[in-house]
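Hello,

Here is the structure for you to look over. My notes on it follow below.

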Amino acid sequence: MISFKSSSDKSKAKSKVKEIAKIPSKLDSYKIEETIGEGTYGKVKLATHIKLNEKVAIKFIDKKKLTNKGDDERMKNEISIITQLNHPNILKAFEVFEDETNYYIVMERPIRGDLFNYICSKGRLSMDEACFIFYQIVNGIQYLHNNKIVHRDMKPENIMLTQDMIVKIGDFGLSKYYKSEEVKLKTNCGSPCYSAPEVLRGNRYKPKPVDIWGLGIILYCMICGELPFEDDKEDILIRKVTLCKYTCPLFVTDIFKNLFKKILCPNPKERITIEQIKMNCIYNIGRSNFYKYFKIYGDDGDM
Ligand SMILES: Nc1ncnc2c1ncn2[C@@H]1O[C@H](COP(=O)(O)OP(=O)(O)OP(=O)(O)O)[C@@H](O)[C@H]1O
Ligand SMILES: [Mg+2]
């Protein structure tokens, strides 16, 4: 298991936001370094704030690529959401600015990169480590839902990890504010191997259960080191997801199998809720592992 050290990530991040925000924003405030990620609309690059000597990640959103209907709105939505959120498990944005060619989102830069690469580097994660990460993702999602935001693109590529294994949920490009839990959304978002059956069926869907489905896919990936639903042919993949056809490798224990079954439930009305997940032993193993090392949450233990 990775070694942990005590952390005051939350207050450190807050003071960085304040410091960076004080200085007028433009690209030449930063020394741009290597590309650390690639997305649909541009690159994410490592950079150093020259005056503060602070390492950050900058998402370059290429204006030329915002050509489809709704792209502009999607990007403004992403900026509006990421700049308003404040939670230890949500990626913090320090500032946003633009020039003729790009929009720039300057963010904290969790040094371990994304969970997808982390899982790939290890094959699969130990039960303790998976629970530790799962616990934090659940808390991040609950914070989003409490603020009436649905993420809609929950996948290991969009979960970042700090040196101390603190989870930072990022990429709010497909996220959306919703008015009520009963509201039904209709945009088909994300890649089919991570998308909930109700989204793939093309029907209107309720916000919260789609993020819970994504959470299940992430937990499965961490424990099994592979995706539950995969196929080269998209129509077969969609069939597998909508029929919920997956099998677990032999080494998976019953406590995980039981939770997969409750999360990867094709009917969103019967899918487990965040409140129920917080009563599950996997969340609670994660929670007690977490509290052995950190105290970044409030005294109520959540946020
Ligand atoms: N703040 C960050 N620190 C470190 N790496 C990051 C950061 N933000 C993004 N990345 C890396 O860059 C990748 C792409 O970023 P992001 O998911 O935000 O872009 P995107 O255009 O929305 O991508 P996609 O449409 O493919 O989901 C991430 O998967 C991650 O590996
Ligand atoms: Mg992404």
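**Helix packing and the sheet**

In this predicted model, helix H4 (residues 127-146) packs against helix H10 (residues 281-293) at an angle of about 95°, and their axes are 7 Å apart. Helices (H or I, at least four residues) and strands (E, at least two) are DSSP runs, numbered from the N terminus. Axes are lines fitted to C-alpha atoms, for helices over the stretch in contact, and angles run from 0 to 180 degrees between N-to-C directions. H4 and H10 are therefore roughly perpendicular (under 35 degrees counts as roughly parallel, over 145 as roughly antiparallel, 65 to 115 as roughly perpendicular, the rest as oblique).

H4 contributes Asp 128, Cys 131, Phe 132, Phe 134, Tyr 135 and Val 138 to the contact. From H10 come Ile 282, Tyr 283, Ile 285, Gly 286, Arg 287, Asn 289 and Phe 290. Contact requires C-beta atoms, placed from the backbone, within 7 Å. These residues split into nine nonpolar, two polar and two charged (Ala, Val, Leu, Ile, Met, Phe, Trp, Tyr, Cys and Pro are nonpolar; Asp, Glu, Lys and Arg are charged; the others, Gly among them, are polar).

H4 is largely enclosed by the rest of the structure, because 14 of its 20 residues are buried (20 or more other C-beta atoms within 10 Å of a residue's own; exposed is 12 or fewer, partly exposed in between; C-beta atoms are placed from the backbone). Just after H4, Lys 148 has a positive phi of about 60°.

H6 (residues 207-224) is mostly covered too: 17 of its 18 residues are buried. Its end C-alpha atoms are 27 Å apart, which agrees with the 26 Å that its 18 residues should span at 1.5 Å a residue (1.5 Å times one less than the number of residues).

Five strands form an open, antiparallel sheet in the order S1-S2-S3-S5-S4. Strands pair if DSSP finds at least two bridges between them. S1 (30-39) and S4 (93-98) are the edge strands, each pairing on one side only. S2 (residues 42-49) and S3 (residues 54-62) pair over six bridges. Lys 45 has Ile 58 in S3 as its bridge partner. Helix H2 (residues 71-84) lies across S3, S4 and S5 (102-107), at about 150° to S4.

Residues are numbered from 1 along each chain as its sequence is written, and chains are lettered from A and ligands numbered from 1 in the order written. The model is predicted, so local features need pLDDT of at least 70 and side-chain atom pairs pLDDT 80 or more, while totals for chains, interfaces and linings use all residues.

Best wishes

How values were computed:
Two residues are in contact if their C-beta atoms, placed from the backbone, lie within 7 Å.
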